[in-house]
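This report describes a structure and the confidence attached to it.

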Amino acid sequence: MLKYLVGRLAGILPVLLVISVFVFGFVHLLPGDPARLVAGPDATQQDVELVRQDLGLDQPLWVQYGRFLGNAVQGEFGRSMKSKRPVSQEIGERFLPTLYLTIVAMVWATLAGLLIGVASATKRGRWQDHVGMIVAVSGIAFPSFWLGLLMIDLFSVKLGWLPTSGYGTWQHYVMPSLTLGLGVAAVMARFTRSAFIEIAREDYVRTARAKGVPARLVVWKHTLRNALIPIITMVGLQFGFLLGGSIVVETVFSWPGLGRLLVDSVNYRDYTVIQAEILLFSLEFIIINLLVDVLYAFANPEIRYS
Amino acid sequence: MTTTDATAVAVSHEAVRSPLREFWRKFRRNRTAMAAGVCLLALALTAAAAPWIAPFDPAAFDYDRILEGPSADHWAGTDAYGRDIFSRILWGARISLSVGLLSVLLGGVAGVALGLIAGFRGGLIDSLIMRVCDVLLAFPGILLAIGIVAILGPGIENVIYAVAIFSVPVFARLVRGSTLSLKRAVYVDAARAIGVRDRLLMVRHILPGTLPSVIVYVSMRIGTSILTAASLSFIGLGAQPPSPEWGAMLADGRSYIGVASHVTFYPGLAIFLTVLAFNLLGDGLRDALDPKLR
């Protein structure tokens with residue numbers, strides 16, 4: 001197990017390095033002079049030169065990259081071009097709202113997906129299955145921003161039950177987390193159904209049924225527990241999808257999270273913030289994938305020992 | 001001469017089903033996928049004919065009739081400038097369909113080529129291509145697209161490139177897998193033995209074998225790409241406002257939620273139905289062409 005863990009950790013280092021080069025190169029890929037961008041449009045040539053020296057942009061690229069990497073490891077990304085505050089502070093404030101929103105969405109979506117998937121699989125071919133799969137297929141194709149606007153129209157404007165935007169109380173979580181989780185719930189429902197049907201064909205399930213184990217126990221213990229292994233992997237993959245989806249959902253509901261910060265920074269061309277955000281999002285995604293793999297190895301000894 | 005030809009044709013039609021016929025026989029039985037295909041065909045034709053059949057000019061202002069609900073004149077109502085929403089949706093279909101099609105074709109061609117080379121050559125070039133694909137896949141699609149739009153600037157053309165790039169690793173991985181198994185097939189060995197050059201082996205003998213799964217993925221990816229492009233336009237990084245792009249229309253209309261909800265309702269419905277149709281078509285194609293992918 002330890003060997004597997006070490007190998008897996010070593011595997012992410014090259015990926016991280018490639019991403020850091022990409023994120024570092026990002027500012028240099030942009031049209032125009034980065035020093036001029038930081039100094040602003042009204043700066044004199046002298047100011048621009050000062051900024052260039054200040055940011056170390058006059059140094060060779062590999063020196064700049066070394067410095068960038070050293071700072072990044074310490075969570076230091078310079079100052080936001082828009083607010084002039086340290087990027088780490090700017091991001092730190094936005095981190096928790098996005099994390100909470102993602103977790104709430106993930107939890108309800110996984111539970112709903114599991115229930116719909118199991119219901120569809122056990123009632124295969126009957127109306128429960130058809131309804132479940134129509135919901136799932138539609139959920140995948142549903143634009144989250146449209147769902148968000150439809151819910152605001154119904155629950156905020158017409159019924160007045162929920163706030164349209166903002167952050168703080170549990171009411172604020174209802175619509176954003178429903179909107180964010182819909183796609184994931186749909187994918188989980190379809191995936192659970194097919195994983196469940198596959199396991200239900202196994203000999204040990206037939207044996208359990210034959211020796212008279214109650215149907216309910218066969219479903220929840222013998223079948224679902226074994227189907228959970230591929231499902232765990234799917235949950236991990238969907239986390240990345242949620243991180244991406246949060247960008248759109250936070251824009252709909254004015255949620256004070258990382259996604260909206262990213263959109264604002266792209267619109268404002270606030271490159272220091274964009275750099276840090278892309279690095280942070282990738283890091284989160286890689287860590288989640290790693291956690292899923294480790295969890296998977298715990299659940300399935302075949303992987304650990306191969 | 002003519003008689004032998006005629007017999008040969010008759011035999012091939014009755015005894016041996018060509019792969020295309022076999023596909024059509026299976027696909028036709030899937031009524032949902034057939035319906036989705038017919039709808040998409042109709043949508044494509046309508047979109048192509050939009051300049052002639054749209055009842056109104058999609059950009060024409062009419063300040064006497066702003067934010068009107070659906071009526072006999074304006075089937076989907078009018079927006080805040082009195083523009084006819086139905087006509088705008090028809091014109092928007094041209095944008096959404098071309099963005100979806102172009103980005104997937106662009107990403108698909110690049111991905112298929114990379115996957116073919118990686119699988120066929122193996123070794124260093126294989127690990128290099130696949131590591132880059134791993135990194136690209138490590139990014140959630142929309143995040144990668146936002147990164148690219150941040151470099152290239154907002155706009156619908158840049159969205160095509162941004163969305164194309166995250167289709168590349170998907171196709172590369174898929175095609176590499178089938179190439180690995182196909183290059184050991186007996187007919188490929190036979191072709192190699194009679195001295196067929198590598199490039200011809202790849203293009204003529206291996207590429208066709210990978211196509212069924214590629215076609216399935218194209219249909220599935222078009223739906224995803226249309227959705228991503230609309231999302232980018234909605235958050236203001238794709239098509240810019242006067243454009244009748246569906247996502248941009250939703251962004252435009254969101255200030256009128258509650259006052260005139262139809263402004264966002266119909267473009268949203270258009271995105272949903274189009275993406276749904278592409279996904280259902282993809283499911284049907286998969287069942288008929290390549291059940292292993294399930």
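In this predicted model, helix 5 of chain A and helix 8 of chain A cross in a right-handed sense. Their axes lie 5 Å apart and the packing angle is about 35°, while the residues that make up the contact of helix 5 of chain A with helix 8 of chain A comprise 22 nonpolar, seven polar and one charged.

The buried residues in helix 6 of chain A are G132(A), A136(A), G139(A), I140(A) and A141(A). The length of helix 6 (residues 127-141) of chain A can be checked against its residue count: at 1.5 Å a residue its 15 residues should span 21 Å, and because the end C-alpha atoms are 21 Å apart, the two values agree.

The contact between the chains draws 35 residues from chain A and 34 residues from chain B. On the side of chain B that touches chain A, at least two residues each come from helix 6 (123-138), helix 7 (141-152), helix 11 and helix 13 of chain B, and the residues of that side divide into 22 nonpolar, ten polar and two charged.

The two sets of contact residues are tabulated here by class.

| Helix 5 of chain A with helix 8 of chain A | 22 residues | seven residues | one residue |

Chain B has 13 helices and zero strands, and the C-alpha trace of chain B spans about 75 × 55 × 30 Å along its principal axes. Of the 294 residues in chain B, 44% are buried, and among contacts in chain B with a separation of 6 or more, 70% are accounted for by residues 24 or more positions apart.

As for confidence, the model scores ipTM 0.82 and pTM 0.85, and chain B averages a pLDDT of 84, with 92% of the residues scoring at least 70. Among the elements of chain B, the highest mean pLDDT, 92, belongs to helix 5 (residues 85-121) of chain B, and the lowest, 49, to helix 1 (residues 2-14) of chain B. Over residues 6-12 of chain B, pLDDT stays under 50, and the model has zero contacts beyond four places in sequence for these residues.

Methods
Residues numbered from 1 in each chain as written. Chains lettered and ligands numbered in written order. Predicted model: local features only at pLDDT ≥ 70, side-chain atom pairs only at ≥ 80, totals over all residues. Helix = DSSP H or I, 4+ residues; strand = E, 2+ residues; numbered from the N terminus. Buried ≥ 20, exposed ≤ 12 C-beta atoms within 10 Å, placed from the backbone. Contact = placed C-beta atoms within 7 Å. pLDDT = per-residue confidence, 0-100. Expected span 1.5 Å × (residues − 1). Axes fitted to C-alpha atoms, helices over the stretch in contact; angles between N-to-C directions. Left-handed = near helix turned anticlockwise from the far one by under 90°. Nonpolar A, V, L, I, M, F, W, Y, C, P; charged D, E, K, R; others polar.
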